[in-house]
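These are my notebook entries on a single protein chain. I set down what I looked up, entry by entry.

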Amino acid sequence: MATIDDVAKTAGVSASTVSYVLSGKRPISAATRHRVERAIEQLGYRPHAGARALASARTNVIALMAPLRVGVNVGVIMQFVAGVVTSARAVDHDVLLLTQDDTMGLDRVASGSMVDALVMMDVEDDDPRIPVLVGLKQPTVLIGLPRDPAGLSCVDLDFEAAGRTAVRHLLDQGHRHVALIGSPPAVLERHTSYAERMLRGFTTACEQAGATYAIEPAESSVAGAYDAVDRLLDAMPGVTGVVVHNEVALPHVLAHLRERGKSVPEDVSVVAVCPTDVALAMQSPVTSVDIPAEAIGRVAVEMVVARLGGDQPAETRLLAPVLTDRGSTRRAPR
């Protein structure tokens with residue numbers, strides 16, 4: 001395996017000159033840089049990651065904090081992770097995955113200069129991790145939107161608009177008795193940002209239209225979905241439009257509606273807020289507002305790279321919701 005000394009000998013320069021070419025710490029003439037780069041290519045030299053980090057003060061590693069908490073849908077979380085990892089590799093960065101939600105781990109990887117930047121998921125309205133992030137030297141991007149995003153870089157789906165979009169689709173079809181089967185109670189109790197915003201969008205749209213509405217949290221399980229449907233139909237037997245924001249519960253909600261004598265979409269129209277692949281995987285494809293998890297991960301990495309470049313101020317990017325009608329809704333029955 002070629003060494004930096006081999007490169008220096010082949011290029012006819014000192015090892016320190018090769019190091020300066022690699023790190024960019026000192027100006028090197030174009031002719032010398034060309035000789036060194038040609039020698040590197042000829043020998044297939046790959047600088048040691050540790051030495052490269054010392055030379056450039058960069059690790060080319062991004063920390064991704066994706067806590068696997070109670071009520072979290074791991075399948076959807078991994079779509080966000082895939083978006084971050086794929087985009088990071090495209091810009092020559094690796095990803096260090098942190099699955100705990102404690103601030104100690106966060107502080108450890110940051111204070112030890114293990115990473116260049118951080119991306120944090122599953123953001124709460126008043127997230128206790130944010131004060132720690134603000135004090136770090138590394139730039140941070142949140143996938144999510146805290147109550148006060150001032151001075152922070154955030155990206156997410158506009159879940160409030162997603163809730164309004166789903167309801168308005170049902171209202172446009174004449175539904176006036178609608179319901180939300182939503183996130184698990186544990187997610188709501190943590191005041192997780194996306195769930196709170198979804199609720200706000202749903203209730204705002206219903207109240208502005210004067211529609212009767214109900215909200216039923218659902219555990220992410222068969223039993224949780226069945227319980228939510230039973231509670232809903234007992235409380236609002238005349239419901240004709242249902243928004244489901246719970247990917248795990250979705251197929252079981254559809255199944256139990258049929259078991260309770262409610263055909264979809266003849267008796268009850270259903271709109272899901274979920275990734276497209278989840279909506280398409282149902283026994284009959286479901287009309288949905290897409291959660292573009294991989295696209296959000298990609299934007300997060302783009303924001304990280306811009307912040308590392310030093311010329312990107314803090315900003316919030318909320319992706320507009322897109323609804324695709326796949327036939328699980330129709331005009332409200334008379």
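Entry 1: I note the criterion: a side-chain nitrogen of Lys or Arg lies within 4 Å of a carboxyl oxygen of Asp or Glu. Arginine 147 lies in the loop between strand 4 (140-143) and strand 5 (153-157), and aspartate 125 in the loop between strand 3 (117-120) and helix 7 (130-134), so the pair ties together parts that are 22 residues apart in sequence. Helices (H or I, at least four residues) and strands (E, at least two) are DSSP runs, numbered from the N terminus.

I record the basis of these values here: the model is predicted, local features need pLDDT of at least 70, side-chain atom pairs count only at pLDDT 80 or more, and totals for chains, interfaces and linings use all residues. Residues are numbered from 1 along each chain as its sequence is written, and side-chain values use heavy atoms, with hydrogens and water left out.

**Entry 2: accessibility of the pair.** Is aspartate 125 buried or exposed? I found a relative accessibility of 6%, which counts as buried, whereas arginine 147 is exposed at a relative accessible area of 52%. The terms mean under 20% relative accessible area for buried, over 50% for exposed and in between for partly exposed (1.4 Å probe, protein chains only). I also noted that Asp125, Asp126 and Arg147 are linked in a network of salt bridges.

**Entry 3: further salt bridges.** How many salt bridges does the structure hold? I read a total of 13. In one of them, aspartate 156 joins arginine 197, with the closest N and O atoms 2.6 Å apart. Aspartate 156 lies in strand 5 and arginine 197 in helix 10 (residues 193-209), so this pair ties together parts 41 residues apart in sequence. Both aspartate 156 and arginine 197 are buried.

I then turned to arginine 260, whose side chain meets that of aspartate 230 in a salt bridge (2.7 Å, N to O). Arginine 260 is in the loop between helix 12 (250-259) and strand 9 (269-274), and aspartate 230 is in helix 11 (residues 222-235), 30 residues apart. Arginine 260 counts as partly exposed at 33% relative accessibility, and aspartate 230 counts as partly exposed at 24%.

Entry 4: I found six strands in an open sheet, ordered 2-1-3-4-5-11, with parallel pairing. Two strands pair if DSSP finds at least two bridges between them. Strand 2 (94-98) and strand 11 (316-319) stand at the edges with a single partner strand each, so one side of each is left without a neighbour in the sheet. Strand 1 (residues 61-65) pairs with strand 3 over four bridges in the parallel sense. I checked leucine 64, and its bridge partner in strand 3 is valine 119.

**Entry 5: the domains.** The domain assignment, which comes from an automatic or database source, gives domain 1 (4-56), domain 2 (61-158 + 293-321) and domain 3 (159-290). The centres of domain 2 and domain 3, taken over C-alpha atoms, are separated by 28 Å. Their contact (heavy atoms within 4.5 Å) takes 19 residues from domain 2 and 23 residues from domain 3. Between domain 2 and domain 3 I counted two salt bridges.
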